[in-house]
Amino acid sequence: MTADPRRPGYHFTAPAGWINDPLAVTWHDDAGPGRYELFYQFNPEAPVWAPACRWGQATGPDLVRWADPRTALEPGPEETGCWSGSLVVDGGVPVIVYTSVLADAPGQGRIALAHGNTDWRQWTPDPAPVIGAPAPELGLAHLRDPYVWREGDRWRMVVGAGSTTGHPAVLQWSSPDLHSWQSDGVVAEPEPERPGPGGTVWECPQLFRLDDAWALIVSVWDQEPGAVACALGDYDGRRFTARNWHWLAPHPCYATTVFLDAQGRRCAFSWLQETGEADGDWAGALSVPWLLSADGDRVAVRPHPDVDTLRTGVHAHRGARPLTPDPVELEVPACADVVLRADPAGEPLQLAVDDAAGRRFTVVVDPAAGQMRLSVPDGHESVVPLRPEADGAVDLRLLLDAGVVEAFAGGGAVAAARLQPSGGELRLSLVAAADGARLRDLVVHGMERVLG
């Protein structure tokens, strides 16, 4: 696995085949020492997406050291694929709630259950779905991705949907026992005063408490996967009312799934999209685990503390000094954690990483525009909010991992990119546009390869 220069060392990938949506991350300590289970959409047959997706599974002592990747759930005789969903524990029994699809109407999913054994390694699907495909009179072209949680004495479930006229929505059901479900109707949809993020389907909905508010995350699909949107708001048990929609993470982030870590903190993983190549060995990577928090009317995203445990030591360091158009330069390893704090004097800072073949990516921190911009050559530019400190200082953290980079801006925003293979040693350069700009600190940590 390590021979592939694109293969990340600490962003999860499958040894072979294709992965996309992360699913149902769960901490449990009912079968010996506590551990996490990570599930994901998985095609072991080829490094491209296929309707016959399975659920893959990996296990780890924390959120970055995953081992024993395997197939957890695969389509039964009457199913084409086992698509995305969630997991709950009911009376000590883990239960996967997933989208069961058929070849003749894969967009119109059915909701099905699979029960796990005590060591979470064997999963037995129920003989029939608990919710069938939507009736034609409902006008739904898409229904998939159940997310289930316990609320009082009932289970609640939200499911992503899109109508035959291209109207996205999130629908809700409730149940006393996971088997008998009652439709509660539309829990969220575009509204005239709050149109939301657009798209024709809101996939992978996640509705959950975050600090003192409720949050709704949706992945916006419009003929193809787009980006991840979010809103804080109010939820009365039947309807979610958004206060302010915003982008949680731009393309290539998608299919964000939320969960509680061992300390009860709200966290998330996302899929980092790529198309895959039929003649390759593998495709698909997940983000590092994120820690979520409410920050005013936004959801803030930062790397989970488990990421810090991968640091192997300081690879390079530059202390306080003036910043000019002449670059501050230093070498960085292929797997690195770069932490920057600077005073840009109100003008942009540019941080670039190059190898012998040329530019790999560029990050521009622009305090006047309130933006961080991440771009790759001949690729997409991701733009996320940047919030300088009260004294004008800006913070930036880069998690560089072979073919992946994630950039976290001060104020709690994230952007990511997939990178082309490196042509050798990497060099980082930092330049400033304004007179009076100063570097406060720049530290490059080496990072442990734990996944290959």
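This is a predicted model: local features need pLDDT of at least 70, side-chain atom pairs count only at pLDDT 80 or more; totals for chains, interfaces and linings use all residues.

Trainee: Which residues lie nearest the centre of the second largest pocket?
Mentor: Those are Leu 87, Tyr 147, Val 148, Leu 260 and Arg 266, out of 30 residues lining that pocket. A pocket here is an open set of points on a 1 Å grid over the protein atoms alone, where a 1.4 Å probe fits, with protein on both sides within 12 Å along at least five of seven lines, and lining residues have an atom within 4 Å of a point.

Trainee: OK, how much space lies in the largest pocket?
Mentor: About 1300 Å³, where a volume is the space filled by probe spheres set on the grid points, which are joined across faces, edges and corners. The second largest pocket has about 570 Å³.

Trainee: And what lines the largest one?
Mentor: It has 49 lining residues, with Trp 271, Gln 273, Glu 274, Thr 275 and Gly 276 nearest the centre.

Trainee: Switching topic: is strand S14 mostly covered or uncovered?
Mentor: Mostly covered: S14 spans residues 213–221, and nine of its nine residues are buried. Buried means under 20% relative accessible area with a 1.4 Å probe, protein chains only, and a strand is a DSSP run of E, at least two residues, numbered from the N terminus.

Trainee: Which residues sit on each side of S14?
Mentor: One side has Ala 213, Ala 215, Ile 217, Ser 219 and Trp 221, and the other has Trp 214, Leu 216, Val 218 and Val 220. In a regular strand the side chains alternate between the two faces of the sheet.

Trainee: What does S14 run antiparallel to?
Mentor: S13 (residues 201–210) joins S14 through eight bridges, and seven bridges join S14 to S15 (residues 225–235). Strands pair if DSSP finds at least two bridges between them. Ala 215 has Phe 208 as a bridge partner, and Leu 232 in S15 is a partner too.

Definitions and conventions. Residues are numbered from 1 along each chain as its sequence is written. Side-chain values use heavy atoms; hydrogens and water are left out. Buried means under 20% relative accessible area, exposed over 50%, partly exposed in between (1.4 Å probe, protein chains only). Helices (H or I, at least four residues) and strands (E, at least two) are DSSP runs, numbered from the N terminus.
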